[in-house]
Amino acid sequence: MKKFLAIAMAAVLSLSLAACGGASSSTASSAAASSEAASTGASSEAASASTTAYDYSSYTGETIEAIKAKGKLVVGTEAQYAPFEFKDMDANFVGCDMWLAQQIADALGVELEVMDMAFDGIIPAIKSGQVDVGIAAFTVTEERAQEIDFSDVYQKDEQMLIVKKGNEDVYTTKESLAGQQVGAQRGTVQSQLIQSALPESTLFELDKWPTLAMEVANGNIAAIVVDGAVGNDLINSNDAIAQANFTFSDEEANFGKAAVIAKGKDDLKELVNAVIANVTSDGSFDAAYDEAVALSESMGV
């Protein structure tokens, strides 16, 4: 798993809002969930390098022109999943996913508006046209691909089993988890992983990862399954939990993260893929990821 930058960098990052800066916020609502909308702007060196290095003017199409006409790209997310998407001390949307969202908006030459909603409400919001793109550490699955289109993968991470501190060597096998409650955020691929890879365990679901972490810390459930980067943030902010000496096989949990776009919007998907190709090949997404990790660690989220 990616080696994280030292927390000492956090002081510098907090001055530059390195992961992705934000402007004023306003509220919005949807049939799927209450959401919070805000316009954001990239402010890290990595963001600056990416937005000035590439020319996306050749990308055109009905969806792209409609977004340009309204002057903003609306991105749906669930901003409690550091280091991918969360809020800084000033309630600005930050994280490497929000940095990526800013790169896409800049490629289109429009403002970025972020709508914060329940994770399981993002795909319905995409399908209804309420948001243009969903960026919320979405894992690529065949089930989701039947409803929406995925962009190319921009990040991969291990899946971590988190337990109450002291139980690291208690829950090390599938057999040791048989009959135990294992938690995940509702509507996530981790819920599916528990059901497929830990069939003798009982799935326990809640809407928020920090709440699930507290269930583990209080001994109410045996463990949770979460992305490695997010799991490290949870552990850093909660002294009562730790990573178990347990590993899922690559066949069980080789997950890649991608943006989600409504079917039929191939012009927008092509541009998003071009942005992803550029920022993953030039190293700027990795830099934004590391900055987001350092910022989240400094905030204890």
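The model is predicted: local features need pLDDT of at least 70, side-chain atom pairs count only at pLDDT 80 or more, and totals for chains, interfaces and linings use all residues. Residues are numbered from 1 along each chain as its sequence is written, and side-chain values use heavy atoms, with hydrogens and water left out.

**Stop 1: the cores**

Select Leu73, Leu100, Ile104, Leu108, Leu161 and Leu234. Of the 79 residues in the largest nonpolar core, these touch the most other members. A nonpolar core is a set of buried Ala, Val, Leu, Ile, Met, Phe, Trp, Tyr and Cys residues joined through side-chain atoms within 4.5 Å. Buried means under 20% relative accessible area, exposed means over 50%, and partly exposed lies in between (1.4 Å probe, protein chains only). Helix 4 (residues 96–108) contributes the largest share of this core, nine residues. Helices (H or I, at least four residues) and strands (E, at least two) are DSSP runs, numbered from the N terminus. In general, nonpolar side chains tend to be buried together in soluble globular proteins.

Next, centre the view on Leu161. Leaving aside residues up to four places away in sequence, Leu161 touches Tyr171, Leu177, Val182, Ala223, Ile224, Val225, Ala242, Gln243, Ala244 and Phe246. Contact means heavy atoms within 4.5 Å.

**Stop 2: helix 8**

Select helix 8 (residues 209–217), in which Trp209, Leu212, Ala213, Val216 and Ala217 are buried. These residues cover an arc of only 145 degrees around the axis, which puts them on the same side of helix 8. The arc is that of the directions from the helix axis to the C-beta atoms. Just after helix 8, Gly219 takes a positive phi of about 80 degrees.

**Stop 3**

Which element gives the largest share of the lining of the largest pocket? Helix 8 does, with four residues. The volume of this pocket is about 280 Å³. Select Gln80, Ala82, Pro210, Leu234 and Val301, the closest to its centre of the 17 residues that line the largest pocket. By class, its lining has eleven nonpolar, four polar and two charged residues. Ala, Val, Leu, Ile, Met, Phe, Trp, Tyr, Cys and Pro count as nonpolar, Asp, Glu, Lys and Arg as charged, and the others, Gly among them, as polar.

Pockets and cavities are found on a 1 Å grid over the protein atoms alone: a cavity is a set of points where a 1.4 Å probe fits but cannot get out, a pocket is an open set with protein on both sides within 12 Å along at least five of seven lines, and lining residues have an atom within 4 Å of a point. Grid points are joined across faces, edges and corners, and a volume is the space filled by probe spheres set on the points.

Move on to the second largest pocket, with a volume of about 190 Å³. Its lining residues include Phe119, Asp120, Ile123, Phe138, Arg144 and Glu147. The lining divides into four nonpolar, two polar and four charged residues.

**Stop 4: the cavity**

The structure holds one cavity of 30 Å³ or more, and the largest cavity has a volume of about 100 Å³. Of its 14 lining residues, select Tyr81, Phe119, Ala137, Thr188 and Gln190, which lie nearest its centre. Strand 7 (133–139) gives the most to this lining, with three residues.

Ala137 is found in strand 7 and is buried, with a relative accessible area of 6%. Its phi is near 55 degrees, a positive value in a residue other than glycine. Thr188, in the loop between strand 11 (181–185) and helix 7 (189–197), is buried at 5% relative accessible area. Apart from residues up to four places away in sequence, Thr188 touches Phe119, Arg144 and Trp209.

**Stop 5: a cis peptide bond**

Finally, select Ala82 and Pro83, which are joined by a cis peptide bond with omega of about 5 degrees. The C-alpha atoms of Pro83 and Asp290 are separated by 8.6 Å, although the two are 207 residues apart along the chain. Asp290 is found in helix 11 (residues 284–299) and counts as buried at 15% relative accessibility.
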